[in-house]
Amino acid sequence: MNEIGRLELIRESLVAVVNEMRANVIRSSYSSIIYEGHDFSCGLTTADGRLVAQGDADNPIHIFAVPYSTVELLKVFGSDIHEGDIFLQNDPYTGGTHLNDVLMLYPVFHAGKLAMFAATRCHWGDVGGMTPGSLSGRVTEIYQEGLRIVPTRICERGRMNEAYLTLLFDNMRIRDERRGDFNTMLGASRKAAQHIERLFGRFGGSAFLDAIEELIARSEKVMRERIAEIPDGTYHAETYLDSNGHSPDPLAVRLALTVAGNRLIADFTGSSPQTKGPTNVGPAMALNAVASLVKSYLDPQTPVNHGSFNPIEVINPAGSFLNATLPAPCGGMVECRAVMIAAVCIALGRALPEKLIGDLKGGANHVYISGPRPGRGQDESRIFLLYEYPAGGTGATSRADGNHVVRAYPEGDFNVVQAAEIAEMQCPVRVEHYGIREDSGGDGEWRGGCGMRRDIRVLAEGASLSVLADHAIIPPFGVAGGHSGATNRFVVVRRGEVIQPSPIPGKVGGFKLEVGDIVRLESSGGGGWGDPLRRDPDHVARDVFLGVVSSERARTIYGVVLAGDGSFDAAATHRERERLRASRVAIPVAHAATDDLEGPRRCLQLSPAQAARIGVGDGDLVEVVSARGASALRCWARLAEEKGASGRPEPLALGPIGHATLGTAAGDLVEVRRLGARLS
Amino acid sequence: MSEARFIIGIDVGGTFTDLLAYDEAAQRLYSAKVPSLPGAQWKGVLDALAELQIEFSTIRAFVHGTTIATNALLERKGARAALVTTKGFRDALEIGKGRRLTGGLFDTTWRRPPPLVPRDRRHEIDERVAADGQVLTIAEPAEIERLAATLRAQNVEAVAVAFVNSYRNDDNERAVTQTLQRLLGRVPVTPSAALIPERGEFERTSTAVLNAYLTPVMVAYLDKLSGEMAARGVRAPINIMGSNGGAMTLEKAAERCAGTFLSGPVGGVVGAVDVSRGADERDLVTFDMGGTSTDVALVQNLSPRMSHDNQIDAYPLRMPQLDIHTIGAGGGSIVWVGPDKTLRIGPQSAGAVPGPACYGRGGTEPTISDANLLLGRLSPMRPLAGGLVLDATAAQTAFAGLARALGVDDTVALAQAAIAVAVAKMAGAVREVSVHRGFDPRDFTLVCFGGAGPMHGFLVAEELGMQRVLIPRYPGHLSALGQMMADLRRDFVKAWGGRLSELSIAALKTETDALRNQGAAALAEDGIPPTRHVHEFALDMRYAGQSFTLPIAWSPAEKGFGPLRQAFDARHEETFGYADRTNEAEIVNIRLVSIGEVAKPALAFRSQAQVTPTGERRAVWFASWYETTVYARADLPTGYRFAGPAIVEETGGTTIVPPGWTVQVHDSGALVGRFEGSRRQP
């Protein structure tokens, strides 16, 4: 067999090992989060911690952080790693994701030498902490999120540290299930090690390791070639998280992405400081996010390994919410990663407009409903825990609508809800509605996909609701002039009345539920692409026919007037579109020496007349849209004093980063849109 | 009137329809191969019977492997179907549990394949059953009537009914199904739990929808086939091969057509198991390469692996089926040049019409068969089944065109490269069912059949480092042979169990007895006498707290749970890398496979040849031109050994034995190849 064929065989064999680990974890698991939710991932690294392979359905968020964790482990244990050793880790500050994601690193030896690590990162349903499930939008320090495991040798030369394990399990809710999680990971790692040993035997130890190096080198070469094709320059983007769960202030990601030959430098300097809410991440997540998007835009085909990461450099000063230190809680790491991905999506989209895709639901949408299991006494381990993470719609592209309710491109292929038949058997709940959330997709020439609506009725006393989600205030953005998708929304319906379970949308900690309450989960739609007035009216009519867009929205946003038979009225549609176009607020921009930033917020000074015309008040969220912009620039309106009524439109002052982001120069016309109209 | 003495096995493939007829009185086997007619499979069946000039009234048994369901799905030519769900669940079919199911990681352009029933034909009805089976809400008759009117107005051709928790209690589902069936007359209505009473509303709904979508197509075909057969005097029942490896009656096939997706390919697996048993081989990978596609499956200890959690195209399917992996490459696959100037194979096939260029029937594009002809592996001198003489000039012309497109001039090297690419694809398919399922292909024998299997099997085995290859007698007809050998089979599942410590053997016995009676009744209904019933039980088991289960064989004669527990622990450790011996184990389901044994031909393919064959010689390309011995298969006596390079020709197949292999003729007539060349790096 020629060398190229052999490399492919080895690569496939490695992916096969990981896919089989994945199948084994699902099929032997004790936790519905794993066997129904699939919230775990598997991967392989080299002896020095570089990523070798992950599986087809595994989540990069889990796996792209593994190299960091492994390197931290090697810092601690160095050459003191032996056959029969097994390690655990979940500490975000040393490469973990959030505390629920427990990583098992299983060293694989060949010919007496450490050769690889088999990695399994599983979301344990509970790791202790303040609320059942451990994740909550209302925490203030990491100790409330459960037990921290810095890189720890849990098994030494085949001898399990039972005392440590007992301590762990005794401090976690549903301890038997936790032991099951551990056993499942252990079994899958053992089987993986057997397979890797077989591959060593088959291909020969050094030939096998050489092939892995070659595969990494080839992935790096492809990535560098793709980066080199992008025009050199620095591309800016800003994205926001809603809130840290306590304060009404948003958190800003400020990215300067530089393309320099065949290198990419992602600089997050200037992003918001770390917070006392759950919306922080450790040091591993920035590269994780950048690499996920870069991989998607530039080289989606080549199987993932560390070579894809090598051309990427990340500048991310410690102390920001994107590189937090003790004791910042890190439960909301999926949310933080999502806004970093969104920033790279916009910045790289400035360079590669054909790749642009609308924004996503903004995180994991962790939802926990938990409480005592009826009829099981007060035994702590007899609580139930329903954990779901509703998918939203995906973003539109320049060629197609987004998809309704599905895992998106930077996410592993997980189930996001449990089968109603399993949830209802395991927990005192009844799923009463599960469907497409109509009118939630971001409008555009290509429409973002719709999110979901799921109603879960609680049937037992003493249950509570925790939610950790974002984009419940600031919606997923559209691109190329497309509109935002609807925000995430999590409410409780009690005796027919809608109740907000927390002062800050999307961040709920232990809200007390009553018997008969309906927990209603509504997830975001994906961002749209392009101007909705350019959407093919047939597509709009079809959307209305299928019930994913209302006829009212077809008229007011798309300018499509439907005839009685489900088709559209061409003449009326033409008139309506002209009318809507004319009603848009177009304002020239001017140049300001500095960007108008107030803490995390970018501000936009509007005259009262302008504000009135757009329909916003002081402090409201608006977006500035330019024909040349990858995405809209989100700003908070600041109402200026009325100056002399010159009759001429007051130009909008934008700083240099604002102009760079929008691709505008002084004198260009921009559209200003009100955001938040879709909050209700 | 002549006596009914023929057992017929028919396999309709993408390219050819194969028929085997066994004359029980004369103990003789006849074969025919005619082109398959897309859109009129029944006609190919009649053509094949006509070719053998078998009098229709002499047919005693008839088993048919059909690709009707598969083709209709892949071409999206199923019925205009509707779905009725529990209130609140009409979108579950489309959004599933939020998974993509068809790749899509890092792919910003990924699009979800559209559901088989669009949103406007998915209807909700106000009914509900709780998780424990308690009926909470019964559908109002008036609402069902309104729904029926809507369905009629939508010109619906088939309906699936899938309610939440119907696997636990299907009273509501059955009631609505019956009412709709009554109101809609001939429109078939598929209830989900009757089809497959397993937990998981999305997968069960998807299975029911697949069934509904395909039922009208299947019914039309079976009506046509049985009508044509009856008109010609066939009195024997027509049985259809099921995906589970057993045959089912025509009525069942129409009702459960989602259980026929693998109807064709399983015939080959059943046939391969049968010939391998005769050749003392127990662990196999079956390699069935036809004109359009290649099917591979893994067989452990003569038992094909089953799969309960399947997906066809983008759609989950819960009907039990053999774990067969199919790729779209076969002997007729077209060789072409991709936009990046690399050589590509298939999935487009020249099919039977016009066929490869060398068939001289108007095909001009180069195919894998043309490549084999250029390399001397197929002979222009020797007619194929049906008398077709291959045209080497046409093959040469086709490859010359390909060579120009690539800017090369050596057509032989190009043909060799095309076959190498095809073989790599095949090897990938074998890895899928072996390596990807945790098996090392080198522990298995590659059993090669189908029109193109014996021609490529040795090369595929080499690619994977497999040391043993088996070529059955009549390799081109093995699928039809399998159809002929197929027993009737019905699968039953009963959700029953609990922790072993809380169960009694007596209670289990009561359940298995009841299930066995159900199986026996079903077989009796299919006309099988009780003496020919075989019932095999398995218990789906797991540790307390787990969700997925492992099937453990169970004999109702057991007196205690001890051996069961041990078998489960051992199986769990072997499969998942650990056993939880201190934890409770529980039974979740009782599974029963009821087999109705049918009279099968006692086929003995013992060679009649006595003398040492001489063989002709011709030049064949194996990295260079080799003067190669060409044997006629019928001339090879039992026990005869020869070394590659060699070619064995017979009706319906050409076996290519590359250098490094030796082949011996087994007592059963099979050719058994062993690699005896130098150790290669697989």
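By how much of a helical turn are Arg178(A) and Asp181(A) separated in helix H6 of chain A? The two residues lie three positions apart in H6(A), which spans residues 175–203, and therefore they are separated by about one helical turn. The structure is a predicted model, and over all chains it holds 84 salt bridges.

Ile174(A) has a positive phi of about 55° although it is not a glycine. This residue is placed in the loop between helix H5 (162–170) and H6 of chain A.

**Contact between the chains**

Chain A contributes 78 residues to the contact, and chain B contributes 66 residues. The area buried between chain A and chain B is about 5900 Å², and carbon and sulfur atoms give 51% of that area. On the side of chain A, Arg27(A), Arg202(A) and Glu421(A) supply 14% of the area that this chain buries against chain B, more than any other three residues. Five salt bridges are counted between chain A and chain B. A salt bridge joins the side chains of Lys97(B) and Glu36(A), at 3.1 Å from N to O.

**Helix packing**

Two packed helices are described by the angle between their axes and the distance between the axes.

| Helix pair | Angle | Axis distance |
|---|---|---|
| H7(A), residues 205–228, and H8(A), residues 285–298 | about 75° | 11 Å |
| H11(B), residues 392–406, and H12(B), residues 411–433 | about 90° | 9 Å |

For the pair in chain A, the packing angle of about 75° makes H7(A) roughly perpendicular to H8(A). On H7(A) the contact is made by Met223(A), Arg226(A) and Ile227(A), and on H8(A) by Val294(A), Lys295(A) and Leu298(A). These residues divide into four nonpolar, no polar and two charged.

For the pair in chain B, the packing angle of about 90° makes H11(B) roughly perpendicular to H12(B). H11(B) makes the contact through Gln396(B), Phe399(B), Ala400(B), Leu402(B), Ala403(B) and Leu406(B), while H12(B) uses Thr411(B), Leu414(B), Ala415(B) and Ala418(B). This contact divides into eight nonpolar residues, two polar and no charged.

Strands of a sheet pair through backbone hydrogen bonds, either parallel or antiparallel. In chain A, four strands form an open sheet in the order S8-S9-S10-S11, with mixed pairing. Strand S8 (233–241) and strand S11 (312–315) of chain A are the edge strands, each pairing on one side only. From one strand to the next the twist averages 20°.

S8(A) and strand S9 (residues 251–260) of chain A run antiparallel and are joined by nine bridges. Within S9(A), Leu255(A) stands opposite Ala237(A).

Helix H9 (residues 333–351) of chain A lies across S8 and S9 of chain A, running at about 145° to S8(A). In the loop between S11 and H9 of chain A is Pro327(A), which a cis peptide bond joins to Leu326(A), with omega of about 5°.

**Strand pairing in chain B**

Strand S2 (residues 16–23) and strand S3 (residues 28–35) of chain B pair in the antiparallel sense over eight bridges. Phe16(B) has Pro35(B) in S3(B) as its bridge partner. S2(B) and S3(B) form a hairpin with four residues between them, and Gln27(B) in the turn has a positive phi of about 50°.

Chain B also contains an open sheet of four strands in the order S29-S30-S32-S33, with mixed pairing. Its edge strands are strand S29 (616–621) and strand S33 (653–657) of chain B, each of which pairs on one side only. Direction ignored, neighbouring strands of this sheet are turned by 30° against each other on average.

Strand S30 (residues 625–632) and strand S32 (residues 646–650) of chain B run parallel and are joined by four bridges. Val630(B) stands opposite Ile647(B) in S32(B). The loop between strand S31 (641–643) and S32 of chain B holds Pro645(B). A cis peptide bond joins Gly644(B) and Pro645(B), with omega of about 5°.

Technical notes
Residues numbered from 1 in each chain as written. Chains lettered and ligands numbered in written order. Predicted model: local features only at pLDDT ≥ 70, side-chain atom pairs only at ≥ 80, totals over all residues. Heavy atoms only, no water. Axes fitted to C-alpha atoms, helices over the stretch in contact; angles between N-to-C directions. Parallel < 35°, antiparallel > 145°, perpendicular 65-115°, else oblique. Contact = heavy atoms within 4.5 Å. Nonpolar A, V, L, I, M, F, W, Y, C, P; charged D, E, K, R; others polar. Pairing = 2+ DSSP bridges. Buried area = accessible area lost by both parts, 1.4 Å probe. Salt bridge = Lys/Arg side-chain N within 4 Å of Asp/Glu carboxyl O.
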